[in-house]
Amino acid sequence: MPNSYKIAVLAGDGIGPEVMAEALKVLRKIEASPGIKFEFNEQLVGGAAIDAVGQALPAETVAACAQSDAILFGSVGGPKWEKLPPNEQPERGALLPLRKHFGLFANLRPSICYPSLTHASPVKDSIIEGGFNVLCVRELTGGLYFGQPKFCKEIDGEMTAVDTMVYKKSEIERIAHVAFKAAQGRSKHVTSIDKANVLENGILWRATVEEIARQYPDVKLAHLYVDNAAMQLIKNPKGFDVVLCENLFGDILSDEMAMIAGSLGMLASASLGKPKGDGLYFGLFEPSGGTAPDIAGKGIANPIAQILSAALMLRFSLGLKKEAVTIEAAVRKVIDDGLRTGDIYSGAEGTRKVGTKEIGDAITERV
Ligand code: IPM
Ligand code: MN
């Protein structure tokens, strides 16, 4: 009997379904190895769910996720749903509640600049020559995204918007542990990001991270204010290993890092809850790039972030490390072989511009 893994597949909107199709193709190829069977449970989410059943996160979708070993997520949102009340829109109505509901507090975003792709980066060669590999560890269920009170209403005759930044010490501790443990398996260097010169949250963040660091004497810890970090990351990305951030700072810096690495279309992510005890995590795995409505349906989107997200799912939720490495190596091989979607194509010699399906096929072949 093969090991059977249940995966909730939530493709969503925009380029989501196109890039998801390529990731599923790659997983089907992995399934060809004996002992592995995937049960894909495709469910509605985001704008697609609003159109079909009137809400961004149907109860059936949540139930399907709860019955699965992991969630493979595409992307949600788009201009069509931007006029809806904020809480009913795909992002706030589906993605954020999913993260909160399943307690997915740890968001890992590996930003990898492949040596053969440095030309795709807007940053000059002398800075990123040889590539780099930075892991952003972003707290995902706290801070300004979820803090209460949160409203926009008239106060004293004037519209007033309030978002509240809240962190409990325990929330900082658990994400700091994730960052230090990750660093132990890498170059043993954590840079913690805060705004301790202005925010109470930043002061508690810094003090707590300092405390946790004592349990990891083999890992070097540095602190940066977020504004300085935005600058240092672009000045010398190779100087970073693990970057530890609260929710909003991580959202912003991970986009910056993805672009420095070449393209948002390459950035995979894993959103994990508490370890389950067997060394594995329930998690949601998604590309960080969004729905890209401008290119949706054209067959030109880069599916690599989605495919690499599937690899992270194999590693963190299913315990299929060898297979994860196989997929990551296949992606690297296809890039080394010169295949490029538009976002990473610069016309360099030995490279060829291809569409979503063709690069997906090429990766599948090399798995
Ligand atoms: C991300 C996205 C989301 C976020 C949006 C879509 C709510 O930008 O995953 O980075 O802000 O977390
Ligand atoms: Mn973002």
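How many of the five residues of β7 are buried? In this predicted model, the number is zero, so strand β7 lies largely in the open. The cut-off behind this count is a relative accessible area under 20%.

Strand β7 covers residues 158-162. Its partner is β6, made of residues 151-155. The two strands run antiparallel and are joined by five bridges. One of the pairings links K153 to T160 of β7.

Together, β6 and β7 form a hairpin with two residues between them. D156 sits in the turn and has a positive phi of about 50°. G157 also belongs to the loop between β6 and β7. G157 counts as exposed because its relative accessibility is 64%, and the cut-off for exposed is over 50%. Relative to A310, G157 is 153 residues away in sequence. In space, the C-alpha to C-alpha separation of G157 and A310 is 50 Å.

Methods
Residues numbered from 1 in each chain as written. Chains lettered and ligands numbered in written order. Predicted model: local features only at pLDDT ≥ 70, side-chain atom pairs only at ≥ 80, totals over all residues. Heavy atoms only, no water. Helix = DSSP H or I, 4+ residues; strand = E, 2+ residues; numbered from the N terminus. Buried < 20%, exposed > 50% of the residue type's maximum accessible area, 1.4 Å probe, protein only. Pairing = 2+ DSSP bridges.
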